[in-house]
Amino acid sequence: MLTPLLTGRIVAHLGKALLVENNEGVTSRCKKRSQLEQPAVGDYVEWIQTEEGAGRVEKILARKSLLSRPAKNGNTRPVAANLNQIVVILAVKPNIDPLLLDQYLIVCEFQEIAPLIVLNKVDLLDDESRQRTDELIGIYKAIGYEIIEVSAEEKTGLDTLRARLRDETSILVGQSGVGKSSITNALLPDLELQTKVLSTASGLGKHTTTATTLYKLPEGGDIIDSPGVNIFGLAHITEKTLAYGFREIRQYAEQCKFSDCMHLKEPKCAVKDNIDTGKIANTRYLRYLKLRGKLSY
Ligand SMILES: Nc1nc2c(ncn2[C@@H]2O[C@H](COP(=O)(O)OP(=O)(O)OP(=O)(O)O)[C@@H](O)[C@H]2O)c(=O)[nH]1
Ligand SMILES: [Mg+2]
Ligand SMILES: [Zn+2]
């Protein structure tokens, strides 16, 4: 019997199994054809049904973008496909890790995926942490990054966030515990329902953020909740190209005397000059050096 090819989208990656949602919003637990490359959440696919609620992914349709993370032996593993926004979640607790923040932003710059920074747990801010946080996020605002303040707990700032997520496909990233799942929950009134659908299909019995999962927003658009690990490193980025990932460094690099200036000790370096004028934050420059050191190692 000839089984018809169906279209669908991968909405969760559960280790061995993939959850594929069809055009009617029904999910099936699928394997992939053995020769097929690794699919990612967000991929549009062609698949066939092999039994009730189960199937096999046959083909991955052309991707608009792909976010990967480093895997064993210098390989990369796809995390999410067809994104157009990366939402970096910061929180008062755990402490903000600016080096990790910069790494996420570097990936956004290289992949030309729009970044959005969200500061969660603002309900926990006191005078001292407010001042410390303002100093840090002020640096990012000054170079054009948008920062939205929310509290998933007290449900503040969520309308502003909703407006920025509408009609986009966004992945939420950040350290474990910053509140990615809590924000996802707060944005989805029917998350319980969506979770149930996924849990039944996955057979896991409960929702867990060990799996990257895509949810549909009621206003339109999708958000992908991912596990809180450092999910993407600096794959494909070299010492020579790193400066491109720091937008303010990139801006001044054009004015350096040498076109291959690394902004270290070269004469007439516009980057170093603008650290002195305060146009480039020294803390960002120091992290550029630190990451550069890591890449050369
Ligand atoms: N006070 C406060 N606590 C929050 C807020 N948002 C989340 N939390 C708490 O922070 C903890 C971690 O939240 P999660 O949503 O599980 O964090 P996550 O980023 O999904 O973590 P991983 O799945 O491990 O990556 C939970 O105990 C939440 O209740 C907030 O706005 N304010
Ligand atoms: Mg989570
Ligand atoms: Zn320079």
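Which residue forms a salt bridge with Arg-284? Keep in mind that this is a predicted model. The partner is Glu-248, and the closest N and O atoms of the pair are 2.7 Å apart. Arg-284 sits in helix α8 and Glu-248 in helix α6, 36 residues apart, so to speak of the pair is to speak of a link between distant parts of the chain. Arg-284 and Glu-248 are both buried. They also belong to a network of salt bridges that takes in Asp-102 and Arg-287.

Across the whole structure, a search finds 18 salt bridges. Another one joins Arg-247 to Glu-109, with 2.8 Å between the closest N and O atoms. Arg-247 is in helix α6 and Glu-109 in helix α1, so this pair ties together parts 138 residues apart in sequence. Glu-109 is buried at 9% relative accessible area, while Arg-247 is partly exposed at 22%.

One more pair is Glu-219 with Arg-162, at 3.3 Å between the closest N and O atoms. Glu-219 lies in the loop between β12 and β13, Arg-162 in helix α3, and 57 residues separate them. Arg-162 counts as buried at 19% relative accessibility, because the cut-off is under 20%. Glu-219, at 28%, is partly exposed.

Now helix α2, residues 127-142. Its 16 residues should span 22 Å at 1.5 Å a residue, and the end C-alpha atoms are 22 Å apart, which agrees. Its buried residues include Ser-129, Thr-133, Leu-136, Ile-137 and Tyr-140. Among the elements covering them are α1, β9, β10 and α8. After α2 comes Gly-144, with a positive phi near 95 degrees.

Definitions and conventions. Residues numbered from 1 in each chain as written. Chains lettered and ligands numbered in written order. Predicted model: local features only at pLDDT ≥ 70, side-chain atom pairs only at ≥ 80, totals over all residues. Heavy atoms only, no water. Helix = DSSP H or I, 4+ residues; strand = E, 2+ residues; numbered from the N terminus. Expected span 1.5 Å × (residues − 1). Buried < 20%, exposed > 50% of the residue type's maximum accessible area, 1.4 Å probe, protein only. Contact = heavy atoms within 4.5 Å. Salt bridge = Lys/Arg side-chain N within 4 Å of Asp/Glu carboxyl O.
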